[in-house]
Amino acid sequence: MHAYLDNSATTKPSVGVIKEMARQMEEMYYNPSSLYKEAFSVEKEINNVRDEIRRAINAKDARVIFTSGGTEGNNLALFGVFGVSRPPVRIAVSAVEHPSILDAADALTKMGAEIVKISVDEKGSLDFDQLSEELEKGLTLVSVMQVNNETGAITDVKKLSETVRERSAKTLIHIDGVQGFLRCPMDFSLCDLYTLSAHKIHGPKGVGALVVKKGVRLSPTHIGGGQEEGLRSGTENTPGIFGLMQAIKEMKAMGDFQNELMKKKLHLIESFKAAVPGLLINGPDPEKAAPHIVNFGFPNVRGEVMLHALEENNVFASTGSACSSKKLKVSRVLTEMGVPAKTAEWALRFSLSPYTTIDEINYAAEVVKVKYDILKRFQRR
């Protein structure tokens with residue numbers, strides 16, 4: 001038996017996606033920047049993908065800039081806004097953002113930007129009082145993830161938008177939608193920039209998009225042939241873009257799969273609780289979080305140890321902790337949420353997809369029980 005429960009890291013490309021990418025490479029391999037009929041056909045299909053993305057998040061006449069994925073999209077949003085903004089540039093990010101935001105913010109500090117980190121509470125919810133105070137001082141950009149990749153905490157984008165618009169109409173809003181796109185509702189009218197990635201929705205790796213509200217100016221991060229409205233030069237990754245299109249179509253064809261996904265997650269939680277007395281849940285209440293992510297704490301067993309024990313029986317998850325030869329590093333996200341360092345060491349993230357089966361979950365729970373019963377005997381004192 002095989003239980004892949006690490007879908008927030010990446011998802012398995014669907015059969016339909018693989019076939020569509022192969023078709024593109026075999027039949028529509030032309031460069032969309034060329035001037036003959038076949039190339040125009042490819043360009044037309046690429047623009048159809050842009051339309052599909054716009055429809056998916058109610059983006060209407062927004063610009064859709066194809067990128068290599070979430071990291072590049074996030075970088076383009078932050079560096080792009082910085083590059084066209086008059087100083088002083090003040091950018092607010094939450095304290096639990098993905099490294100593609102936090103590391104970019106650190107780099108911008110060296111370039112002259114002031115970075116403000118907005119704290120979160122024990123459930124991962126943004127401190128809107130702190131955000132309001134910073135808005136009163138003036139902010140160029142606010143960048144927050146739609147769904148936290150470690151805990152599944154959902155940002156109240158509507159409240160975020162209202163807070164920013166009421167206090168600082170010129171402040172731009174960027175939403176990192178990599179973990180939220182198509183799995184949680186999103187209305188693009190609430191923000192100015194939105195990042196998505198294909199490989200989180202059963203599409204291919206190496207392709208994503210930054211959706212940009214009409215009229216929002218950005219400085220390019222790639223210089224060259226002028227593709228993607230001059231913001232992302234380089235020949236388009238046409239197989240990847242076609243694969244993204246197919247992935248979006250397939251996810252939308254599932255209808256209201258989010259409710260079924262939530263039921264699977266709740267079943268996973270109950271099964272794991274039965275297997276591990278005292279099991280902890282880090283982050284928001286499960287029913288208030290994203291339907292595909294849950295972060296557990298296995299008392300007195302380090303997450304990485306549990307991860308490798310599960311791996312022996314083909315159960316795959318992710319840890320918020322990472323070991324080096326010299327010291328243990330715990331999840332920055334959990335510590336920012338106030339989780340004690342010792343407890344954060346026990347963390348392990350499980351993430352589902354619409355294709356996850358109940359059989360996989362039940363098998364994983366059986367393995368968890370066996371492995372935890374063994375490992376808890378060797379707890380450090």
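About 60 Å³ of space lies in the largest cavity of this structure, which is a predicted model.

How many cavities of 30 Å³ or more does a search of the whole structure find? The search finds one. Thirteen is the number to remember for the lining: the largest cavity is lined by 13 residues. Those nearest its centre are T11, R183, K200, L352 and S353. Sorted by class, the lining has seven polar residues, four nonpolar and two charged.

Next, the helices. Two packed helices are described by the angle between their axes and the distance between the axes. Here the pair is α2, residues 37-57, and α7, residues 238-253. Their axes come within 10 Å and cross at roughly 40°. The crossing of α2 past α7 is left-handed. On the α2 side, the contact is made by V42, E45, I46, N48, V49, E52, I53, R55 and A56. On the α7 side, the residues are T238, I241, F242, L244, M245, I248, K249 and K252. By class, this contact of α2 with α7 has 10 nonpolar residues, five charged and two polar.

Staying on α2, please find R54 and D51. These two residues form a salt bridge, and their closest N and O atoms are 2.7 Å apart. Where do R54 and D51 sit relative to each other in helix α2? They are separated by about one helical turn, because they are three residues apart in that helix. In the whole structure, the search finds 21 salt bridges, and the one between R54 and D51 is the example I picked.

Last, the backbone. Look at the peptide bond from P87 to P88: is it cis or trans? The bond is cis, with omega near 0°. P88 is found in the loop between α3, residues 70-84, and β3, residues 90-94.

The other point is E228, in the loop between β8, residues 208-212, and α7. E228 is not a glycine, yet its phi is positive, at about 55°.

Key
Residues are numbered from 1 along each chain as its sequence is written. This is a predicted model: local features need pLDDT of at least 70, side-chain atom pairs count only at pLDDT 80 or more; totals for chains, interfaces and linings use all residues. Side-chain values use heavy atoms; hydrogens and water are left out. Axes are lines fitted to C-alpha atoms, for helices over the stretch in contact, and angles run from 0 to 180 degrees between N-to-C directions. Helices (H or I, at least four residues) and strands (E, at least two) are DSSP runs, numbered from the N terminus. A crossing is left-handed if the near helix is turned anticlockwise from the far one by less than a right angle, and right-handed if clockwise. Contact means heavy atoms within 4.5 Å. Ala, Val, Leu, Ile, Met, Phe, Trp, Tyr, Cys and Pro count as nonpolar, Asp, Glu, Lys and Arg as charged, and the others, Gly among them, as polar. On a 1 Å grid over the protein atoms alone, a cavity is a set of points where a 1.4 Å probe fits but cannot get out, and a pocket is an open set with protein on both sides within 12 Å along at least five of seven lines; lining residues have an atom within 4 Å of a point. Grid points are joined across faces, edges and corners, and a volume is the space filled by probe spheres set on the points. A salt bridge is a side-chain nitrogen of Lys or Arg within 4 Å of a carboxyl oxygen of Asp or Glu.
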